[in-house]
Amino acid sequence: PGLVAVLRIPSGDRNAWLASLSYQPVTGLPFPIPGVAYVWEPSDRLTAQIGIPFQLYWGITDSLRFDASYLPVTNVRAYFTYRCHESFEIFGGFDWVNESYFLDDRLRDDDFFNLLEQRLPIGLRWYLGSNWLVDAQAG
């Protein structure tokens, strides 16, 4: 359970300011977290969201791209993806995620299970038309 609100204010043809508010009551930080970021898109191959939350998309070549993101406090993602064919990709990267869940048989309302996971996945993606994707990974 949680809530995320984002306001996008255009700044020129391709750029924008983002203001956000994230509330995830089942986490280590059970209070609203504000965010401010600037979306800078100098070309079709590079988009950077500078601030909190942070995101980067860099199309190094037509076939190779790098994606990275950071969402407070412990959600980090960084991936390289190589497109072998228009419908087939291989990828590898780093994930550091924090997920929390309410316990079904909890005795107190504030009891929850917190998962903090770090992994180095590699995998394959196969796009089956515009609405289907097969994603296989290990890490």
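R119 counts as partly exposed, with a relative accessibility of 29%. That makes a handy way into this model, which is predicted. The partner of R119 in a salt bridge is D95, and their closest N and O atoms are 3.3 Å apart. R119 belongs to strand β9 (residues 112-119) and D95 to strand β8, so this pair ties together parts that are 24 residues apart in sequence. D95, for its part, is buried at 4% relative accessible area.

Let us step back to the whole chain. The protein chain has 11 strands and zero helices. Its C-alpha atoms fill a box of roughly 55 × 40 × 25 Å along the principal axes. There are 139 residues, and 19% of them count as buried. The accessible surface is about 9600 Å², with 62% of it belonging to carbon and sulfur atoms. Among contacts with a separation of 6 or more, 23% join residues 24 or more positions apart.

Now to the charges. The chain carries 10 positive and 16 negative side chains, and the centres of these two sets lie 5 Å apart. Side chains of opposite charge can pair when their charged atoms come close.

| Salt bridge | Closest N and O atoms |
|---|---|
| E89 and R65 | 3.1 Å |
| R119 and D95 | 3.3 Å |
| R125 and D135 | 3.3 Å |

What is the relative accessible area of E89? It is 0%, which places E89 among the buried residues. E89 sits in strand β8 (residues 88-102), and its side chain makes polar contacts with the side chain of R65 at 3.1 Å and with that of Y127 at 3.2 Å. Beyond its neighbours within four places in sequence, E89 is in contact with several residues, among them T81, C84, G123 and L124.

The E89 and R65 salt bridge, at 3.1 Å, joins strand β8 to strand β6 (residues 64-71), so it ties together parts that are 24 residues apart in sequence. While E89 is buried, R65 is partly exposed at 22%.

The R125 and D135 salt bridge, at 3.3 Å, runs between strand β10 (residues 122-128) and strand β11 (residues 132-138), so the parts it ties together are 10 residues apart in sequence. R125 is buried with a relative accessible area of 10%, whereas D135 is partly exposed at 37%.

Which residues make up the network of salt bridges? R65, D67, R83, E89, R125 and D135 are linked in it.

Methods
Residues are numbered from 1 along each chain as its sequence is written. This is a predicted model: local features need pLDDT of at least 70, side-chain atom pairs count only at pLDDT 80 or more; totals for chains, interfaces and linings use all residues. Side-chain values use heavy atoms; hydrogens and water are left out. Helices (H or I, at least four residues) and strands (E, at least two) are DSSP runs, numbered from the N terminus. Buried means under 20% relative accessible area, exposed over 50%, partly exposed in between (1.4 Å probe, protein chains only). Contact means heavy atoms within 4.5 Å. Accessible areas come from the Shrake-Rupley method with a 1.4 Å probe; for residues, only the protein chains shown count as cover. Lys and Arg count as positive and Asp and Glu as negative; His and the chain ends are not counted. The place of a charge is taken as NZ of Lys, CZ of Arg, CG of Asp or CD of Glu. A polar contact is a pair of N or O atoms within 3.5 Å; within protein, one must be able to donate a hydrogen and the other to accept it, and residues adjacent in sequence count only if both atoms are side-chain atoms. A salt bridge is a side-chain nitrogen of Lys or Arg within 4 Å of a carboxyl oxygen of Asp or Glu.
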